[in-house]
Amino acid sequence: MRARYGHGGRLGYASEWRAQPQRSGGGELIDQGVHLIDLASWFLGEFVEVNGFAHTYFWDMPVDDNGFMLLKTATKQVAFSACQLH
């Protein structure tokens, strides 16, 4: 299963509440990635192996704007997701 989720930024986005870790709780992976995990687990079942990476590539802010996950079930079904904010 492959999923890509995110939304486009706008002028001043790095100053909004989503870019403030004390208000948002994290960056794009926390904000949008959780929905992809939920949806993928609904289709494939419980994940027993999880690998991921989150980094700030585009915006100048203290939270990540890109997150990537590779999730695997016990029966070797794989879900890949990218959460991106540009």
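Helix H2 covers residues 28-44 and has 17 residues; helices (H or I, at least four residues) and strands (E, at least two) are DSSP runs, numbered from the N terminus. From its first C-alpha to its last, H2 reaches 23 Å, close to the 24 Å expected at 1.5 Å a residue, where the expected span is 1.5 Å times one less than the number of residues. The model is predicted: local features need pLDDT of at least 70, side-chain atom pairs count only at pLDDT 80 or more, and totals for chains, interfaces and linings use all residues. Residues are numbered from 1 along each chain as its sequence is written, and side-chain values use heavy atoms, with hydrogens and water left out.

**Helix H2**
- H2 bends by about 30° at Val34, the bend being the angle between axes fitted to the seven residues ending there and the seven starting there.
- Buried residues (under 20% relative accessible area; exposed is over 50%, partly exposed in between; 1.4 Å probe, protein chains only) of H2 include Gln32, Leu36 and Ala40.
- Just after H2, Gly45 takes a positive phi of about 105°.

**Aromatic pairs**
- Rings of Phe, Tyr and Trp (its six-membered ring) pair if their centres lie within 6.5 Å; planes under 30 degrees apart count as stacked, over 60 as edge-to-face and the rest as tilted.
- Three aromatic pairs are counted by this rule.
- Tyr13 and Trp59 form a tilted pair, 5.6 Å centre to centre with 40° between the planes.
- Tyr13 lies in the loop between S1 and H1 and Trp59 in the loop between S2 and S3, so their pair ties together parts 46 residues apart in sequence.
- Trp42 and Phe43 form an edge-to-face pair, 5.0 Å centre to centre with 85° between the planes.
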